[in-house]
Amino acid sequence: MLNGQTFYHGILRKTIIAFGHLFSNIKIERQSKDGEETVIQTVAVPLAYAPKEKWIVRIDSDPELTNHTYTTLPRLSFEITGYSYDSARKVNRMNKINCQKADETRSSMNSPVPYNVDISLYVLTKTQEDAMQIIEQILPTFTPEYTLSINAVPEMNVVQDIPIILNSITVQDDYDGDFQTRRFVTHTLNFTLKINMF
């Protein structure tokens, strides 16, 4: 190791789990087309940690349209797309953080190192209507920032607030070809998570 110590606080893992939990309970409603707009079906949108290409390949692998994998849409997936050092939040590394452990003993550790984690959330749907229902449930939460808390270093009682910033949204509607070609509407939401590494 660089400093001769082995440690793992699981800060990245906890942050990714907390991020995914934000989107784990999204549902869409399908309405009847009789003009009365009665709800005939409520669909829970599944969420997975995976790149969007994985789901597109899985769905495209059935060219005869006989497999039931098409029912996997709508779907949400997300992945880490990059890490970058955040010099704007840098503090002196020689500063110490004093903490009181659960057993009442006091301890200290050096100031954390600030990093930005870039995450892309993919909304894959068959129709634009499904996509708009999902997007409308996400956007009001981010203005453009939302803050969540994680127990970063439990043994030191360090709870960290993590700002999640929605940077941009892009839309791709793949609807080229004949009537047998499947349609994919993909919204990509790009987020930045501001974390501190201890």
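## Salt bridges and a pocket

Arg30 and Asp130 pair through their side chains in a salt bridge, with N to O at 2.8 Å. A salt bridge here is a side-chain nitrogen of Lys or Arg within 4 Å of a carboxyl oxygen of Asp or Glu. Arg30 sits in strand β1 and Asp130 in helix α3, 100 residues apart, and the pair links distant parts of the chain. The model is predicted: local features need pLDDT of at least 70, side-chain atom pairs count only at pLDDT 80 or more, and totals for chains, interfaces and linings use all residues. Residues are numbered from 1 along each chain as its sequence is written, and side-chain values use heavy atoms, with hydrogens and water left out.

By this rule there are three salt bridges.

| Pair | N to O distance |
|---|---|
| Arg30 and Asp130 | 2.8 Å |
| Arg89 and Asp86 | 2.7 Å |
| Asp86 and Lys194 | 3.3 Å |

Asp86 lies in the loop between β4 (75-85) and β5 (96-100) and Lys194 in strand β10 (residues 184-197), so their pairing ties together parts 108 residues apart in sequence. Shared partners join Asp86, Arg89 and Lys194 into one network.

Asp130, at 5% relative accessibility, is buried (under 20% relative accessible area; exposed is over 50%, partly exposed in between; 1.4 Å probe, protein chains only). Arg30 is partly exposed at 22%.

Arg30 and Asp130 are also among the residues that line the second largest pocket, which holds about 210 Å³ of space. A pocket is an open set of points on a 1 Å grid over the protein atoms alone, where a 1.4 Å probe fits, with protein on both sides within 12 Å along at least five of seven lines; lining residues have an atom within 4 Å of a point.

How values were computed:
Grid points are joined across faces, edges and corners, and a volume is the space filled by probe spheres set on the points. Helices (H or I, at least four residues) and strands (E, at least two) are DSSP runs, numbered from the N terminus.
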